[in-house]
Amino acid sequence: MIHVVLPYKEGANYYRLWAHEEEKIDFRADLEAATRCTVSFAAEELVTYLNRIGLKAEVTDEPGEESILLKAVVGDGQGFSIQADGKQITISGEGRKGLLYGVYELLETQGIHWYSPWEEVVPEKIESLQIPECKHYSPSMDLGRGFEFEGPLKDSAQLFLWMARNKMNMAAYRANTWKLQRKLGMEFKAGGHIFEKILDPKQAIETGQTMLEAHPDWYGQREEDITEDNALHVQFCMSNTDLMEHLFQNLLERLQTEWSEADRLDVWGFDTWGGTCQCEKCKALGNGTDQTLNFFSYLRKRIDEETAKGVLKYPIRMVLCSYEGTTSLLPPENGVPENLKHSGDYVAYAPILRCYEHEMHSEECSYNSYYDKVMSAWKDMPMMVLEYYNVSKFEDLPLLFADKIEKDLKYYSKVGITGMTYMHLPMLEWGMRTQTQYLYAKLSWNCDEDVSALLEQYFLDLYGPFADTAKKAYALVEEASKHCSSWRAWCGGSVLSNLLNWDGITVTEDLYRDDHLGSRAVEYGYHSAELFTQAQELLKELQPKADALYAAKGEFVCGIPLNPTDNRFKQKKNALSDRISTDIRSLNYGIDCYLLLTMFVDYYEQLQKGNNTDELLNKISDLATQMTWYSYSIKFAHPSPEINLPDALERSGLKGLYYRCLAGRK
């Protein structure tokens, strides 16, 4: 029997109660109760999983011959130490989070892995407790490890458990699960691209005027007249004290109400890829980033004042977005204001148009070499990287980046990056993309992880006897993914962006293709679709074999449940076949998207050459129609908490272009 010992009197009697007291606890104010809750939950997780793998364990008040001692100081430290003395293991957390992470480290050493919120691997039986490496553990990315969440309807307890089990700690506040998130060690972010709504030029204000009518000087000045339609095309004036105070008061009100649990506040400008205000005061500040930092410095001063007065009860750190869309990518020309240098505020560096064919510091890549130089020039503020492994324009495509994730995070750590986040975490149908989330989580905690070993175990655990074939399929998909940014990135730097700006009829100059695709765009596009197809064919051969293995076990239970909560007759999942079928579905969508996108480029080029396009347009029409016959994944309506289920053609972003091309048929 393994004795799990908590650092609390009568822990054996009460740990199950303490482990689920989160609804009663103020995790910021009552640190002792918060620590006891998380430590007790860690103990519950530990004994549950140890018993599942055949090692008898229970929480006791005294050590036994074989014991695990759980210790944590009061606080939120993330690091932990593991020590062993004979058959006694001590897990010491630098805080409640560290203790929880230490327990998961011990469980992972037993061969338990949480690959996704819906897929865990737990060995049926092990002979003896395996001891992790005895040392001190701390995160490579201690500033934070998490995701940007698209849309508010993401209240998933399974997701947040998966994150904690993989030592991730940064999420978005969710009304129904936020207490659970706190117990699991999550820090909350709020804000983002919020000023478009606050400064909507058309909104009516108390004077009866529109915002623009009352405050034309708040909007970015430019040579052309400012109208309701173009007011947000340029960043707002970041030297106007009245405007800065107005925005601060708006943020202050939210921090006292809907954002009262926020630990970090994303303060991001208009996401309009526009210019900066050209008033004399703004121009005197420097570039777009200097202007943004002036606004940031003002907010920091006001936040500190309100915190000192007790109006704001808890410290909050701000996050500046170093990003092209907000004209704040470049480092400041005039340095970082003094009150920001040691404030705890930090920069989220966002290389949204980066390339996934080349490494981040590749000098031969016109995209990445630029981003790398700009990132390296930032000084005097901590930096987190905001990556784009599932940027919204990828629209749930089955893209893989194992090689790049490994190289990216190791490089980011080497050059001093201390935090990671990425857009946007898919909420279902991960399929092959499970690999992306899993590697990202593991390397965010430890950038020196042995990725080859992680992947070897991943394929063995999730594909069993078909691991080698699955590896081949994944390799094909990763090769097919390498030009994804050139095809589908935001802004005008991708094929998709330029196709969406085409009326489907008029053809004059060459369709834009970047220096990665060049004149071979159609060739590369069809090749990627073929690679996706080859991967799918490999997996299609596996599914009947997986079904046969499942059926041969004969683990069937018959009966009619009395009600939805009666799980006595719950059928044991055919996990292997389910996984393979999910992969096949996602590849079907990927094949269709890449084929359609490539055919549109081909169509444009044939029109430009004056060739007959009837046959090609018929193929486009057949495929587009076929894509309206099935749905793939769901889309969150932003910012309202709603979902919709678009057909595959709409999800691909190409439906409007299809109709425009039909309209141009002669």
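Start with Val5, which stands opposite Leu69 in β3. What you have open is a predicted model, so to speak of local features here takes a pLDDT of at least 70, and side-chain atom pairs count only at pLDDT 80 or more, while totals for chains, interfaces and linings use all residues. Residues are numbered from 1 along each chain as its sequence is written, and side-chain values use heavy atoms, with hydrogens and water left out.

A quick word on labels: helices (H or I, at least four residues) and strands (E, at least two) are DSSP runs, numbered from the N terminus.

**Stop 1: the mixed sheet**

Select β1 (residues 2-5) and β3 (residues 66-72): they pair in the parallel sense over 4 bridges. Two strands count as paired if DSSP finds at least two bridges between them. Now widen the selection to the whole open sheet, whose 6 strands come in the order β2-β1-β3-β5-β4-β8, with mixed pairing. At its edges are β2 (57-60) and β8, each with a single partner strand, so one side of each has no neighbour in the sheet.

Next, click on Phe80. Its bridge partner in β5 is Gly93, and its bridge partner in β8 is Tyr137. The β5 side belongs to an antiparallel pairing in which 7 bridges join β4 (residues 76-85) to β5 (residues 88-95). The β8 side is antiparallel as well, with 2 bridges joining β4 to β8 (residues 136-137). Follow β4 into its hairpin with β5, where 2 residues lie between the strands, and you reach Gly86, with a positive phi near 65 degrees.

**Stop 2**

Show α2 (residues 31-52), which lies across β1, β2 and β3 and runs at about 155 degrees to β3. Axes are lines fitted to C-alpha atoms, for helices over the stretch in contact, and angles run from 0 to 180 degrees between N-to-C directions.

(Under 35 degrees is roughly parallel, over 145 roughly antiparallel, 65 to 115 roughly perpendicular, and the rest oblique.) For side chains to display, pick from the contact, which includes Phe41, Leu46 and Tyr49 in α2 and Leu99, Val103 and Tyr104 in α3; contact means heavy atoms within 4.5 Å. The residues of this contact split into 13 nonpolar, 2 polar and 2 charged. Here Ala, Val, Leu, Ile, Met, Phe, Trp, Tyr, Cys and Pro count as nonpolar, Asp, Glu, Lys and Arg as charged, and the others, Gly among them, as polar.

**Stop 3: the parallel sheet**

Move on to the open sheet of 8 strands, ordered β9-β16-β15-β14-β13-β12-β11-β10, with parallel pairing. The edges are β9 (144-145) and β10 (170-172), each with a single partner strand, so one side of each is left without a neighbour in the sheet. Inside the sheet, 5 bridges join β11 (residues 187-193) to β12 (residues 264-268) in parallel.

The peptide bond from Met423 to His424 is cis, with omega near -25 degrees.

Another loop to visit lies between α12 (368-377) and β15 (383-387), and holds Asp380. Asp380 has a positive phi of about 75 degrees although it is not a glycine. Most residues other than glycine have a negative phi, and most peptide bonds are trans.

**Stop 4**

Select α8 (residues 241-256) and α10 (residues 288-308), which pack at an angle of about 50 degrees with axes 10 Å apart. They are therefore oblique to each other. Among the residues in contact are Met244, Phe248 and Leu251 of α8 and Phe295, Tyr298 and Arg302 of α10. The contact divides into 9 nonpolar, 3 polar and 3 charged residues.

Finish on α19 (residues 521-553), whose 33 residues reach 49 Å from first C-alpha to last, close to the 48 Å expected at 1.5 Å a residue; the expected span is 1.5 Å times one less than the number of residues. Just after α19, Gly554 takes a positive phi of about 65 degrees. Alongside, α16 (residues 467-481) packs with α19 at about 165 degrees, axes 8 Å apart. That makes α16 roughly antiparallel to α19. To see the contact, show residues including Leu476 and Val477 of α16 and Phe532 and Leu538 of α19.
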